[in-house]
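Look over the sequence and the model below before reading on.

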Amino acid sequence: MTVDLAAFAKEKGVKYFMISFTDLFGGQRAKLVPAQAIAGMQEDGAGFAGFATWLDMTPAHPDMLAVPDPSSVIQLPWKPEVAWVAGNCVMEGQDVAQAPRNVLRRLIDEAAVEGMHVKTGIEAEFFLLTPEGTEISDPFDTAVKPCYDQQAVMRRYEVVREICDYMLDLGWGPYQNDHEDANGQFEMNWEFDDALQTADKHSFFKFMTKSVAEKHGFRATFMPKPIEGLTGNGCHAHISVWDAPGADARVNVFAGDGEGQTGEVGLGERGKHFLGGIMKHASALAAITNPTVNSYKRINAPRTISGATWAPNTVTWTGNNRTHMVRVPGPGRFELRLPDGATNPYLLQAVIIAAGLSGIRSKADPGQRHDIDMYAEGQSITDAPKLPLNMLDALRQYDQDSELKAMMGEEFSNAYLKMKHQEWNSFVSHFSRWERENTLDI
């Protein structure tokens, strides 16, 4: 049953709605709409100039309308007079094919035709920094191994508690919060859900975390590697496929006992082939899961102060072992450890579904399972592809993967590659301090 946003506003005391969409670079864009005008906006959408955001458009394009999806509406727990609602981008009556939420919606529908409903949970890591963003906010958070540090998490209790309380109130089912492996770093976990709901929650979580941090005088960042020498921000995704969406799900399509390496860890045939698709497209996947220049400071990082990066650099999979790109911690699901905090919440879910569908359709084999410690013995594996060394290599891998590009949509893929190449060109044209320090006297 569709939520009437005007009635929602009257019942909840909402004065304004934020009609929000996410652009190609993961930027969250919104218009603040008074409740008195929301009925018209629910029908027609709020108008935006797409060129003014990171979308491949020009000033000559017609208005892009973000039509709110009322099922996504969330009353801001820290400012109850405002509600946030995700919008689907439309232009001249047609879905904007390059808009990330539309890419995901299309792939969800495509998977559903084949009886597959992807459910995911994500582990969103973030740092709490000083307002300038140059150092961690807690000067006493100095342990060499700070993961799960009891004192450090309690020094930021007010921030963590407030965010977790809000998730409890929203019914997300948060179940644990911790200080992570880097000084100043935290992780908060909530229950898994259908891919679109997880993407909406992920998008809102980033907005909420930044807002609460600012309220307490800090700056929250999901940047992959904000502090040199410390573990970076990952965004691990736990993936399973079910026979129906939402509460109607009864059968885990991935689960199964059987022969072979995947059967031993509890993945049935379709789970095996879905994983095969992830492995097959991994190097191209990185262009989406690790979308910034800074991303490659995380997945190709030297040993950190704590002793491990907790990030992969090789395309390998394993059982319950956190040193590989994919971990199968138990029957019926697996964890993709490649994505980082900069990944677009909607494109992350979309590319998982795209690669997985590709794998199922081609009956892709994930290859040999490796159970070694990749950080200590990784050099012994010589036949597994290395992940891209930088953003340009990742974009080239994506551009060469015609199957994945087609699955994600040609219009999206062309727009994404164009905009991301512009970003790379901007980066390489920047004169850095390193250049001056190392080549001034050559």
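How do the residues of the lining of the largest cavity divide into nonpolar, polar and charged? There are 5 nonpolar, 3 polar and 1 charged. The model is a predicted one.

**Cavity and pockets**

The structure has 1 cavity of 30 Å³ or more, and the space in the largest cavity is about 50 Å³. Its lining is made up of Ser20, Phe21, Thr22, Ala86, Gly87, Cys89, Ala99, Arg101 and Tyr346.

Pockets, unlike the cavity, are open.

| Pocket | Volume | Lining by class | Element giving the most |
|---|---|---|---|
| Largest pocket | about 820 Å³ | 15 nonpolar, 14 polar and 6 charged residues | α6, with 6 residues |
| Second largest pocket | about 700 Å³ | 11 nonpolar, 14 polar and 14 charged residues | β8, with 6 residues |

The largest pocket, with a volume of about 820 Å³, is lined by 35 residues, of which Lys206, Lys210, Ala220, Thr221 and Phe222 are the closest to its centre. Two or more residues of this lining come from each of β1, β2 (28-34), α6 (195-215) and β12 (219-221).

The second largest pocket, at about 700 Å³, is lined by 39 residues, and the closest to its centre are Glu123, His238, Arg322, Arg327 and Glu335. Strands β8 (117-129), β9 (174-179), β10 (185-190), β13 (235-242), β15 (326-330) and β16 (333-336) each supply at least two residues of the lining of this second pocket.

**Helix α3**

Does the length of helix α3 agree or disagree with what its residue count predicts? Helix α3 covers residues 100-113, which is 14 residues. At 1.5 Å a residue they should span 20 Å, and the end C-alpha atoms are 21 Å apart, so the two values agree.

Within α3, the buried residues are Pro100, Arg101, Asn102, Val103, Leu104, Leu107 and Ala111. An α-helix has 3.6 residues a turn, so residues three or four places apart point the same way. In α3, Leu104, Leu107 and Ala111 are among the buried residues. Arg101, also buried in α3, is one of the residues that line the largest cavity. Just after the helix, Gly115 has a positive phi of about 75°.

**Cysteines**

How many disulfides does a search of the whole structure find? The search finds 0. Cys147 is in no disulfide, and the nearest cysteine sulfur, that of Cys235, lies 16 Å away. A disulfide needs the two sulfur atoms within 2.5 Å, so a separation of 16 Å rules one out for Cys147.

Is Cys89 buried or exposed? Cys89 counts as buried because its relative accessibility is 3%, and the cut-off for buried is under 20%. Cys147 has 21% relative accessibility and therefore counts as partly exposed. Cys89 also belongs to the lining of the largest cavity.

**Two loop residues**

Pro62 lies in the loop between β3 (46-48) and β4 (64-68). With a relative accessible area of 33%, Pro62 is partly exposed. Beyond its neighbours within four places in sequence, Pro62 is in contact with Met91 and Glu92. Pro62 and Phe48 are 14 residues apart along the chain, and their C-alpha atoms are separated by 9.1 Å.

Ser295 lies in the loop between α9 (282-289) and α10 (296-299). Ser295 is buried, with a relative accessible area of 0%. Not counting residues up to four places away in sequence, Ser295 touches Pro224, Asn290 and Asp340.

Terms used
Residues numbered from 1 in each chain as written. Predicted model: local features only at pLDDT ≥ 70, side-chain atom pairs only at ≥ 80, totals over all residues. Heavy atoms only, no water. Helix = DSSP H or I, 4+ residues; strand = E, 2+ residues; numbered from the N terminus. Buried < 20%, exposed > 50% of the residue type's maximum accessible area, 1.4 Å probe, protein only. Contact = heavy atoms within 4.5 Å. Expected span 1.5 Å × (residues − 1). 1 Å grid on protein atoms, 1.4 Å probe; cavity = no way out; pocket = protein on both sides within 12 Å on 5 of 7 lines; lining within 4 Å. Points joined across faces, edges and corners; volume = space filled by probe spheres on them. Nonpolar A, V, L, I, M, F, W, Y, C, P; charged D, E, K, R; others polar.
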